[in-house]
Amino acid sequence: MKRLLSLLLGIAAICVLLAFSANKLQSTSGDSSAKVLNLYNWGDYIDPALITKFQKETGYHVNVETFDSNEAMFTKIKQGGTSYDLTVPSDYMIEKMRAAHLLKPLDKSRLTGFANLDARFTNQSFDPHNRYSVPYFWGTLGIIYNDQSIKPEEVQHWNDLWQPKFKNKIMLIDSTRDVLGFSLVSMNQSMNTTNPAILKAAQAKLNRLSPNVKAVVADEIKMYMTENEAPLAVDWSGEASEMIANNPHLHYVVPTEGSNLWFDNLVIPKTAKHYKAIYAFLNFMLKPENAAQNAEYIGYATPNKKAKALLPKSIRNDKQFYPSDRTIANLQVYSDLSPHTIGLYNDLYLEFKMNHH
Amino acid sequence: MTHRFKLSNLYLFLVFAVLYAPILFLIVFSFSQGDSMSHFHGFTFSHYLALLNDTRLIIIVLQTLLIALLSSLIATIIGTLGALGINQTSRPITRNSILSLNNILIVSPDVIIGASFLIFFTALKIPLGFTTVLLSHIAFSIPIVVLMVLPKLRELGTSMVSAASDLGASNGQILSKIILPYITPGILSGFFMALTYSLDDFAVTFFVTGNGFSTLSVEIYSRARQGISLEINALSGILFLFALVLVVGYYFLNQYQQNRRLKRANREEDIL
């Protein structure tokens, strides 16, 4: 009994100590007064130095919380009970959140620096006239190749992947829309098609790619490619830039005939409370020097024209991640499809994966 | 005979090697100068320094430990009382149905428990954060504690308790002098099980975190989109070392107490 009691007291004491030190740390890392901003972001998707700078400049304390998928974020916001002021959904999710009335429209009169953004990346189909969202980062889907065994001219287009000589050499990112999507583009079809016949044809074409596909994998694809496990892969530009940083033999190509163009945009969810802080933060992130610093830290492409001009030449002129105007004109943004069509996409994709093994 | 002995040793060694190799691999790379786990680039402490400067991560670690300790403490108290209550029920049907209800909570998927908590808390308009995480951790830990304490109570049986009451012990005395000391090992193992469950829970916690409050598993999982930095390796190394020290410390403490008890018993024998 005595032993149990002393254990109980000991643990309680440790708890008090922990609570005290956590509180103390929190108050030293920024003042915890009412001037706060709750940012709900992807994990490690902002330069921490920028948060510190923002807190110093404006006096707002930023609480960062993180999520790992659009769907998870959607659920948390929809359910309520939180007070997130800003979040960063991808394109199709913005459309979905808008339809579900989860977003608050932007007050453009309070935004400064919106004109810094490249007009090619504003006014997209998922958010006409940017009534709800400010572009944060953008990127593409493309082909990664290893120059030790593949010549650049061999893989400039999606159809090149079907060549018999690439038997068992390609790794695909495990993503329904992207894998079916590049098959659709290779057939000159829209990546947002809802026509079952066209989708079936795209799947049939994918099945013919099967002998060339070594594996369909998720995040591990980065590791496999850096380790030279396969000479070819289909993946997103953000992932590609990381692979290239770790293995200089890798290169990234966005096929000129078209591909996916994705966005992660800042939006104000309906749970928002601290409007002054929100606009201060949006304007802070729209400033060219801050956007450039963030782009250099994250390694994704910035939609901020003036920020891009501030980036080092080697990044700014990199055709892999800032493709030519002609290619950009052919890129397609995913739209939010009906649950029925999404089900069809998923079924066809699953069949393709089952066929493969 | 000796041959079989060696083979079993080898088997044991292999099992432990398989269990510990990934952790050691992780820790070794926390000292690498590179940014990924693909190649070792030479020795450095830089990831540990980065960890020390990452106030956000340290706050999250402290919060995680706080939640784990506090929730398992409260769950242990409630669970032990619950086990005592279940043990008291005389009708087997009542007891079995309460036990089944208890076990269902253990086997049902975390995702479902988490989602139902989220709906529950938001329906009650409780803002998500420390309180909700604490409450849900307590809730999913209680059944584990009950399951750990109950066998010890069964083992105790009724003879000791009746003997004590025959000799004039009050209910309070029976509880504090007979029952609790006897079931202490069960309570402790229940506490530690609850602690480990709480520390590494992701699914339930993910749903009920909010408003700036987060735990380590949620944070690490969210960081995985960008590839996990070696800072996380450094943190894992420290936590592993911490756990190791705790276990070894607990072992020696136990040994020490047992020795003392043995010595005391010997002395009493000598006196007699």
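Author: B:Lys152 and B:Glu155 are separated by about one helical turn, because they stand three residues apart in helix 6 of chain B; helices here are DSSP runs (H or I, at least four residues) and strands are E runs of at least two, numbered from the N terminus. This is a predicted model, in which local features need pLDDT of at least 70 and side-chain atom pairs count only at pLDDT 80 or more, while totals for chains, interfaces and linings use all residues; side-chain values use heavy atoms, with hydrogens and water left out. Residues are numbered from 1 along each chain as its sequence is written, and chains are lettered from A and ligands numbered from 1 in the order in which they are written.

B:Lys152 and B:Glu155 form a salt bridge whose closest N and O atoms are 3.6 Å apart (the rule asks for a side-chain nitrogen of Lys or Arg within 4 Å of a carboxyl oxygen of Asp or Glu). B:Lys152 is partly exposed, at 21% relative accessibility; buried means under 20% relative accessible area, exposed over 50%, and partly exposed in between, with a 1.4 Å probe and protein chains only.

Helix 6 of chain B, residues 130–156, also holds B:Ser136. With 0% relative accessibility, B:Ser136 is buried. Its side chain reaches the backbone oxygen of B:Thr132 at 2.9 Å, a polar contact (N or O atoms within 3.5 Å; within protein, one able to donate a hydrogen and the other to accept it, with sequence-adjacent residues counted only if both atoms are side-chain atoms). Beyond the neighbours within four places in sequence, B:Ser136 is in contact with B:Phe117, B:Phe121, B:Val204 and B:Val208, contact meaning heavy atoms within 4.5 Å.

Now for the other salt bridges. Over all chains the count is eight. In chain A, A:Arg120 pairs with A:Asp118 at 2.8 Å between the closest N and O atoms. A:Arg120 is partly exposed at 32%, whereas A:Asp118 is buried at 12%. These two residues and A:Asp325 are linked in a salt-bridge network. Another salt bridge joins A:Glu239 and A:Lys222 (3.8 Å, N to O). A:Glu239 lies in helix 8 (residues 237–246) of chain A and A:Lys222 in helix 7 (residues 221–226), so this pair ties together parts that are 17 residues apart in sequence. Both A:Glu239 and A:Lys222 are buried.

What about the boundary between the chains? Between chain B and chain A there are zero salt bridges, but three residue pairs are in polar contact, with both residues at pLDDT 80 or more. On the chain B side, helix 3 gives the most, with twelve residues. By class, that side has 24 nonpolar, 17 polar and four charged residues (Ala, Val, Leu, Ile, Met, Phe, Trp, Tyr, Cys and Pro are nonpolar; Asp, Glu, Lys and Arg are charged; the others, Gly among them, are polar). In total, 45 residues of chain B touch 44 residues of chain A. The two chains bury about 3800 Å² between them, 62% of it on carbon and sulfur atoms; this is the accessible area (1.4 Å probe) that two parts lose on being put together, summed over both.

As a last stop, chain A has 14 helices and ten strands, and 55% of its 357 residues are buried.
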